[in-house]
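User: I am new to this structure and would like to go through it by question and answer. Please show it first.

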4 protein chains.
Amino acid sequence: MTPIKLGMVGGGKDAFIGAVHRIAARMDGHFELVAGALSSTPEKARESADELGLLRSYDNFSDMATAEANLEEGIDAVAIVTPNHVHADAAIAFLERGIHVICDKPLTSTLEDAERLVKVAKEANALFILTHNYTGYPMIRQAREIVASGQIGEVRVVQVEYAQDWLTEAASNKQGEWRTDPLRSGAGGSTGDIGTHAFNLAQFVTGLTVESLSADLQSFVANREVDDNAHVMLRFKGGARGMLWCSQVAVGSENALKLRVYGSQGGIEWEQENPNYLYFTAFGKPRSILTRSGAGASDEANEVSRIPAGHPEGYLEAFANLYTEAAERIRTYPSKNGVLPGIDEGLNGVRFITTCVRSSANDSAWESL
Amino acid sequence: MTPIKLGMVGGGKDAFIGAVHRIAARMDGHFELVAGALSSTPEKARESADELGLLRSYDNFSDMATAEANLEEGIDAVAIVTPNHVHADAAIAFLERGIHVICDKPLTSTLEDAERLVKVAKEANALFILTHNYTGYPMIRQAREIVASGQIGEVRVVQVEYAQDWLTEAASNKQGEWRTDPLRSGAGGSTGDIGTHAFNLAQFVTGLTVESLSADLQSFVANREVDDNAHVMLRFKGGARGMLWCSQVAVGSENALKLRVYGSQGGIEWEQENPNYLYFTAFGKPRSILTRSGAGASDEANEVSRIPAGHPEGYLEAFANLYTEAAERIRTYPSKNGVLPGIDEGLNGVRFITTCVRSSANDSAWESL
Amino acid sequence: MTPIKLGMVGGGKDAFIGAVHRIAARMDGHFELVAGALSSTPEKARESADELGLLRSYDNFSDMATAEANLEEGIDAVAIVTPNHVHADAAIAFLERGIHVICDKPLTSTLEDAERLVKVAKEANALFILTHNYTGYPMIRQAREIVASGQIGEVRVVQVEYAQDWLTEAASNKQGEWRTDPLRSGAGGSTGDIGTHAFNLAQFVTGLTVESLSADLQSFVANREVDDNAHVMLRFKGGARGMLWCSQVAVGSENALKLRVYGSQGGIEWEQENPNYLYFTAFGKPRSILTRSGAGASDEANEVSRIPAGHPEGYLEAFANLYTEAAERIRTYPSKNGVLPGIDEGLNGVRFITTCVRSSANDSAWESL
Amino acid sequence: MTPIKLGMVGGGKDAFIGAVHRIAARMDGHFELVAGALSSTPEKARESADELGLLRSYDNFSDMATAEANLEEGIDAVAIVTPNHVHADAAIAFLERGIHVICDKPLTSTLEDAERLVKVAKEANALFILTHNYTGYPMIRQAREIVASGQIGEVRVVQVEYAQDWLTEAASNKQGEWRTDPLRSGAGGSTGDIGTHAFNLAQFVTGLTVESLSADLQSFVANREVDDNAHVMLRFKGGARGMLWCSQVAVGSENALKLRVYGSQGGIEWEQENPNYLYFTAFGKPRSILTRSGAGASDEANEVSRIPAGHPEGYLEAFANLYTEAAERIRTYPSKNGVLPGIDEGLNGVRFITTCVRSSANDSAWESL
């Protein structure tokens, strides 16, 4: 099969997530990166493009969108991996020209931008895919299936947390700086950067929708303008309740995303740092350890696994699963299927951030999303 | 050293916690159980006393308190291990007669009872000790010392949770029945039975006081009159924030009490089900595993350990540590020292329960304790 | 029930295992320690006896055996917790007077002593019980039952290891000194002190008998006269094969006894440092975690458990299980039942040591036990 | 940088390791797969090549070697991923034509083949790289550096094991069939397929050479012609001792490669199934957990890591590290550097297998390699 021609906006030198997208796009051989506007600094954009051996480098995403749309062999899809405040305009530029967009999360830095982008995305002749990459883990797919098939009964309690410690002190590098700058990151700090992942994952696995939340946000580091720790209580439609904790000052935590779901007949637990395991307990039975590609792995998990049990897959493989599913969607466009997060999940995430901020400012009053 | 003569109220056949108290009292040889009013049913009380080989059995705690106080060789101390609603009257009966009281938690089933008992305890010529037994774990003692000595800097975030699943369905045994009956248990279900432990432990380890809380309580099982799951956000004096989750419907959880404390310079994590380990991280350093009696164990931990590292101690040893410390307090009465939980912690626990109930009824408004 | 009157030989100040025996004897209330010859130094013996509040203290075990046998209220049983070279003479002194013996392992320091003791024990009117305490763990009882009931099919492979690090450097305390002195410890160092436990446990759980072994023993610390690390290959009657590793120089290992048994249809794994869990896998099924007192706990495990799942029991509880079973055996003597290790296991253990030494000296030739 | 043109021998439909090599070669973008002789069945070779979109497909490796060597734009390197018995002839065909070889392990199915291949490889104008892929894990690189830098002192004990359970019953698929056929796999079953990995890793990390071994091999499954479980004692040059256990019938084990190294001053432990962690203990200090890209990660580990701590990398990333290092070697050929396993490690591995077989046949006599 001919690889899909991919462009990239952002992701120049020193970027973290751009490199991840490139590996993910390459892993299963479905994409070929051919063009980019890799930095907001044109010089750096060119250097980065040279290093990566791109065929075409642009000074900015507008030029890129226009030019690629006019090329016969122009890109089929673009990955947007800039800081958050650029997402909306960049995505719109490509969507309006019929180029599929694969965008990093959170959707945008403001709710206004999100709504503007939603409008375009809904009417565009192109896909909008949001890389809530943790949904790509095989055991998360199995967790979702376990809940959907009723194996844990009616969901009652959802505990989700995402703890890091890299912002324990004032930001001292590029990654930390833009993520703690409300103009580039948005109103949420930890809530936007990692809380949105946790929020998305809880809904992805349970199939439930959060109706309202009560939040208490904190900024523990002096002069930090966004939250670096957040406590959030959740109410789901249908009666389930939950708690979400996200923190970037939890010393000793690297990337500790953890999800636990308890129902009337069973419970499941999963941790991102050891993602090949899913703990499942049917009430009254011993806990069992389901492993990726292992004896108890479901079809849903096996479809997104590459290698046998005991040969650990990790973050990059999960991320690559989204790219591979994106390739499938692009090749069969406009037919719809699959579970890829998109524009609705994006808007939902931005609403999560703004609702957290509103609730916290309002003394943790319950606020609807 | 002559053993201290101990009596017991409650703890007859089929009781869980009474048997635990007896083993704990016996383990280090400081107590001899000689008298009891082991059941509210006189016949059962006598049978239970016979089985245990008690010297004196009583039909009720009033008779027992009066009689023992008048005996030259009467009991020095009494363990009260009844359902919660009996605690206050029983404790008062003994305290007023100068007999030391070792009482199970929560202090009482109502705030009124708690306040009445506090008054008596403060004026009594006898000790009042509350068995928040999880404070007896060696690595909890070390955790407390780590925080107190500033090794994690200023405390920012406290995550405490206590999850069980034994009340996932309607109660079907004696233990479950009284614990879900508000008349015997009090207004709190999971909050009273296990939430008070979590709440106490968070404060014990951090040395901080919870100032206010915002709670969302649930009763997932039909017709249950008390909470079986609770989500609580915490604000500590001095600015630290926290979350407390307690649940008795978290399928797959046995007795999963877990405490995590994060400060400006370090973090600690501890789990009751594997209590011989304490995870400590100084910011910017690898995580280390402190083990009971091991290379990094502190004096505070070693003082309450019996055997070498790698020879696991458990729940009963931690419980026995409180009894051994109680023996020391009784023998040196009225001099004061040590960290044993007492009447203040008991009142604080009851306030935790009632404040949770009040906040939850008030749409999770922040309420002062 | 009246407590059994217990005496103790060894176990004075600074001893480790004597204190463990006392707690174990006390935990379930079946024994009362009344007499002792607690040290080979009479002065120290008396001081230790005073500290423990013993009724009768003796200068040596001979006097004690004679005197107690003549007392109407003399001891029913004696715990022998001296260094290994004293076991035989002490045990014989009591057995010949009809006093039950509870003896620490290994049985003796020489094979000659062992055979001499066996002869006496077989003809005595008293029990001989050997505290291979790891057999007292509930999940070890369940493991044994799982194998016996055929749940893992025919046993093929047995991996057992016991790693410590406290003798990484030259011995610097009393515990280390006698254990590395062949005159007091016997020809085996790590093989005698901990290898015998591992060897016993492998056979206890599988129900199989080791037929021959091939050993490579080492003494890594300069001037050490006994092994501090041993590699042993095992052949069981019936065709199963195994490996045993014991080490007292494995830096980072505290008391890491671990047993794994694999059969034609399943496998089990257990670690002493987290003894409340047993991992069980039926071939082709997910691994399950069996927990003490938990949903999958067997009758065999529950019979030797005291408290609910999630409330960890440890080393002392397992040790106490042997004492409680000893009490049952003593009270129903001479009727036989139960699984308590005794004189046969003791002789087998000494043969393990001497066979290891012989094989290692013979360039690891396979040697029959 | 222009990708290196890669060919592949073996790895057609249904193959496991061929697909792994392809992902590994693709992950970091250094290789482009352009040609192949993907199956010994020409028809299947063509179909597989079509599926993968190869430019050139051959019926057999001889034709491929000849043709590619004559093409101006022919392959620079070839990956050999056939069953073991084909390795030697295939590798020789390419090496003799100056095409670099990246070959799966074990080197060959017989010692004769191995020696023949060594001779060619030593004189060839091309690299020979052996994919002992577990050496590619970042924390293995750090473990190697820890030992080399003396942080654990002098190495005393090496425990390595590699347990699987997929051959618990008679082989029922292609992967199992050739691996249990001595004509295709060689004289070793589990020793060849996974024991060689364990053996290599122990030496890679310690920097030590195994001098002699004593082995006891078993075939537990009826009619199996090669070992499916092996117990091996090891003696290293310089005095260290070790144990190696490999098994393909250890029910409940997926791909449980585990290495532990103990020295006079410290110890390290690592498990392949959770490869992002390395446990390190300095004698007399608490154990610490070193994590990939984490606070304690060394330069050696960071050089082969792609993403931040807590974002798990796995088997494919470790495998890709070898490919990326191979690319570097190819681009700088013939200058030498790095730690890539090659022909010497290959020969050593085959000697491991044959020496195990010889020792086992000789009643586990110690045999030199």
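User: In strand 6 of chain C, which residue is the bridge partner of Cys103(C)?

Analyst: This is a predicted model, in which local features need pLDDT of at least 70, side-chain atom pairs count only at pLDDT 80 or more, and totals for chains, interfaces and linings use all residues. Residues are numbered from 1 along each chain as its sequence is written, while chains are lettered from A and ligands numbered from 1 in the order in which they are written. Strand 5 (residues 100-103) and strand 6 of chain C run parallel and are joined by three bridges; strands are DSSP runs (E, at least two residues), as helices are (H or I, at least four), numbered from the N terminus. In strand 6 of chain C, Cys103(C) has as its bridge partner Leu130(C).

User: Which are the edge strands of the open sheet in chain C?

Analyst: The open sheet has six strands with parallel pairing, in the order 3-2-1-4-5-6; two strands pair if DSSP finds at least two bridges between them. An edge strand pairs on one side only, and in chain C these are strand 3 (56-57) and strand 6 (128-130).

User: At about what angle to strand 2 of chain C does helix 1 run?

Analyst: Helix 1 (residues 17-27) of chain C lies across strand 1 (4-9), strand 2 (31-37) and strand 4 (77-80). Axes are lines fitted to C-alpha atoms, for helices over the stretch in contact (C-beta atoms, placed from the backbone, within 7 Å). Angles run from 0 to 180 degrees between N-to-C directions, and helix 1 of chain C runs to strand 2 of chain C at about 150°.

User: Which helix gives the largest share of the side of domain 1 of chain A that touches domain 2 of chain A?

Analyst: Chain A is divided into domain 1 (4-130) and domain 2 (138-307 + 347-361), with bounds from an automatic or database domain assignment. Between them, 14 residues of domain 1 are in contact with 16 residues of domain 2. Helix 4 (84-95) and helix 5 (111-123) of chain A each give two or more residues to this side of domain 1. The largest share, three residues, comes from helix 5 of chain A.

Conventions:
Contact = placed C-beta atoms within 7 Å.
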